[in-house]
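Trainee: I'd like a close look at a single part of this one. Could you walk me through it slowly?

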Amino acid sequence: MTTVAAPPSTTTEPEETPPSRRRKRWLGEHPLGLLLSTPYLLFIGLIFAYPIVFSVWMSFQDYFFAAPGAVVERPFVGFDNYVAIVQDPAVWRSFGNVGIFLLINVPLTVGLSLLLATALDRVVHARTFFRVSYYVPYVTASVAVVAVWLFLFSQNGLVNQLLGPLEPEPSWLVNSALAMPTIALFVTWKGLGFYILLYLAALQNVGKELYESASVDGAGAVRKFFSVTVPGVRPATVLVFLLATITGANLFTEPYLLTGGGGPNGASTSPVLLMYQKGIEQGNPDVASALGVILIIFVLIISWVQYRFLGGRES
Amino acid sequence: MRRRMMMTAVAATGLLALTACTGGGGDDGGEEGRGDITIWYSNNAAEIAWGEQMVEAWNAEHPDEQIKAQEIPAGASSEEVIGAAITAGNAPCLVYNTSPAAVPQFQKQGGLVNLSEFDDGDGYITERSGDVADQYRSADGDFYQMPWKSNPVMIFYNKAMFAQAGLDPENPPLATYDEFLETARTLVSSGASQFAINPAPTSEFFQSWFDFYPLYAAQSDGTLLVEDGAATFDDENGTAVAEFWATLYSEGLAGKEQYQGDAFADGVSAMSIVGPWAISVYGDDVDWGAVPVPTQDGTAPEETYTFSDAKNIGMFTACENQATAWDVLKFSTSEEQDGVWLEETGQMPLRQNLTDAYAEYFEANPAYQQFGDQAARTVEVPNVPNSIEIWQTFRDGYSNSVIFGEEPVADFLTDAATEIDELAQG
């Protein structure tokens, strides 16, 4: 039987920390850094953190906006607002709508922006012209470019005129089955420039020697794309997936403008559009807050799943 | 450490309390307050012209109680702008563009002054507007809005298109649903117009005020959407109106898609549902006529009701000089100012015996005469809790059933009525 001697016990009192070290512990190694980042921290706190915390608090009250000094009651109602949201078919439909949107928009965004970025990376002539061409829709206000799409996809629009007898009935934006896909196409087209820029930056980091090695091994353009480019830009792909999902889940302007407030028949109503209706138009910010909290959880779950399965952690 | 935190908390609480005291007023304003006031008015040219002369006239006579006026700030809708101003505590004294549908919400927010609490409040309002005023009383029986002006909606029609379709442009057959539908079919099948009529088929809560509601008011002899806390439309009148519109949509006589622009002005539709503001807008560009909205079996014009499309004046609790505001409110709705309003805008002051009071104007402007007559038979949106949510609920069901035909009309009416009954209870 082996016995192990216990380590000598340390019963001495801890030394008192000197004031200068205590201050350093509070302010960090570089107090100036804290000072310089204070405005940003304040900005984050006031513009993001406070409203989010307030919104969560509001979702548990019978809350409405009131005049300063008005005597109103805003009792705690527990999960009542959440129950109201869960029981509202319009909410389920809006999440279904945004699900359809994401299923179309996210893969298209990732696929097209990677393909176009790869092509643009190899363009020799008029490179700036092509890059600006893809970027212009992104920097143009949605309100302005929506008019172009209305011109294209209205009943008497250019697309239907080209399609002739093949035009859908009812037309694109008033067709329950086609309204959301049309919006998804619009948003994909509009945001493409931004994601192409992300991929163009990522492509600069893919070593040229890898392409040369692949060429030496006899790989063609397609093989090089899938074996060198795609793995090489994986961190950017994860980012594009996440950004497209988060942006898509916050969809508001496009259904509001393209389909006149979520029509036809609620087929293009997004959760954020519903929040606007309930919170601002109908004066129920408590219910709208509950919907917002559910939306945040929904986005976090989807983003986490994407991050997990796309290998974000490794990259 | 704990002691220091406690002291900080106490100091912060004290500071907040102090701030609350200084921000809460404590001055001698309120209902007795006199002095300068701010007002907002609508941002269309005719209303601005009226507002400017009204302010000038008042300011010339009241050097110590001046009006500072401005157009209502831009926003998605005036209701949202006013709601935000109430919450922020910077609403003006008076807003000459207050939608009756938003009044219950503003009242709940504690944003509106109870006009009935002025000594002559109730008396002045009822004397000016007569029985019509009762529609604008809140649930407690008091007035939180001054009934101001209406735009009783009627059917405008394009005489040239009717003539092109072989219809009599001076006596168009539009009185009954059968006549209206037959006329609509003729207009479209003849190629005179793409659509017979084209109200906005979009989902905003207020769109039903310009398709279903005027016809329901006419069909039901002036019944509101909600009366005595319950929906009224799930009956034979509501069914008749909804079926009428459903027929127009299903036969392609009305468009299911939002038109970018004014379909009537652009000649895309031969008819439109609009108020008298349209007279000056269409003016000489369209050779137009106007008739009351149809009913199932036809109703005499002098008995036909319609939707008022009114805008009223709200006085807001943020106002410090409410006594001045009340005087301004009465001045701006006086017989003289209402006359100028009529001249400038062509919209109808909510004043009893309107056509008699301004007989000369209506004689000189016969186009407005029938709108003046119609102004006495209008229905308003019901002044009930959750008003806007009620209209959104109705619109969603209407869109689903009547416009897109995805649910039987009877089911829509019953489902919407059940939901609205619950919402109207507050």
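Trainee: Which helix of chain B does B:Asp396 lie in?

Mentor: B:Asp396 lies in helix α16 of chain B, residues 387–403. Before going on, a word on the ground rules: this is a predicted model, where local features need pLDDT of at least 70 and side-chain atom pairs count only at pLDDT 80 or more, while totals for chains, interfaces and linings use all residues. Residues are numbered from 1 along each chain as its sequence is written, chains are lettered from A and ligands numbered from 1 in the order in which they are written, and side-chain values use heavy atoms, with hydrogens and water left out. As for "helix", helices (H or I, at least four residues) and strands (E, at least two) are DSSP runs, numbered from the N terminus.

Back to your residue. B:Asp396 counts as partly exposed because its relative accessible area is 36%; buried means under 20%, exposed over 50%, and partly exposed in between (1.4 Å probe, protein chains only). Along the chain, B:Asp396 and B:Ala416 are 20 residues apart, and their C-alpha atoms are separated by 8.9 Å.

On the surface, B:Asp396 gathers with B:Asp234, B:Asp411, B:Asp415, B:Glu419 and B:Glu422 in a patch of negative charge. Here's what goes into a patch: residues with over 30% relative accessible area and no salt bridge, with like charges joined within 9 Å and nonpolar side chains (Val, Leu, Ile, Met, Phe, Trp, Tyr) within 5 Å. A salt bridge is a side-chain nitrogen of Lys or Arg within 4 Å of a carboxyl oxygen of Asp or Glu. Asp and Glu count as negative, Lys and Arg as positive, and His and the chain ends are not counted. Each charge is placed at CG of Asp, CD of Glu, NZ of Lys or CZ of Arg. Accessible areas come from the Shrake-Rupley method with a 1.4 Å probe, and for residues only the protein chains shown count as cover.

So who brings most to the negative patch? Helix α17 of chain B (residues 409–424) gives the largest share, 4 residues. B:Asp411 is found in helix α17 of chain B, and B:Asp411 counts as partly exposed because its relative accessibility is 38%.

Chain A has a patch of another kind. Its nonpolar surface patch includes A:Tyr40, A:Phe43 and A:Phe48, and the whole patch has about 900 Å² of accessible area together. At 44% relative accessibility, A:Phe48 counts as partly exposed.
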